[in-house]
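User: I have a chain open here and want to go through it. Can you take my questions as they come?

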Amino acid sequence: MGLYLFIIFAIFTALIGMIVYVTGKNKKEDTYTDLDTEEWDCPECGFHVQAGDKCIYCDTEKP
Ligand SMILES: [Zn+2]
């Protein structure tokens, strides 16, 4: 039972670590997108638009 709880705790910790890492990474990318005027990431589908002010997948305007 002790080992079982430890494994659950380890998985939970890894999951939280991953979420924190992904959140931090997204924040960095957002800052980068603000500085770049040519390329941007679509907020609707996440597609990285390299040219133009409209997403070619979902027709979302550049934010
Ligand atoms: Zn899109």
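User: What pattern does the chain follow, read along the sequence?
Analyst: The pattern is α-β-β. That corresponds to 1 helix and 2 strands, where helices (H or I, at least four residues) and strands (E, at least two) are DSSP runs, numbered from the N terminus. This is a predicted model, in which local features need pLDDT of at least 70 and side-chain atom pairs count only at pLDDT 80 or more, while totals for chains, interfaces and linings use all residues. Residues are numbered from 1 along each chain as its sequence is written.

User: How many of the residues count as buried?
Analyst: 3% of the 63 residues do. A residue is buried if 20 or more other C-beta atoms lie within 10 Å of its own, exposed if 12 or fewer, and partly exposed in between, with C-beta atoms placed from the backbone.

User: Where is Val49, and what does it touch?
Analyst: Val49 is in strand E2. Leaving aside residues up to four places away in sequence, Val49 touches Glu39, Trp40, Cys42 and Cys55; contact here means C-beta atoms, placed from the backbone, within 7 Å.

User: Why is Val49 classed as partly exposed?
Analyst: Because 17 other C-beta atoms lie within 10 Å of Val49. As for distances, the C-alpha atoms of Val49 and Glu38 are separated by 8.5 Å, and the two residues are 11 apart along the chain.

User: Next, Ala51. Buried or exposed?
Analyst: Ala51 counts as exposed, because it has 8 C-beta neighbours inside 10 Å. Ala51 sits in the segment after strand E2 (48-49).

Conventions
Two residues are in contact if their C-beta atoms, placed from the backbone, lie within 7 Å.
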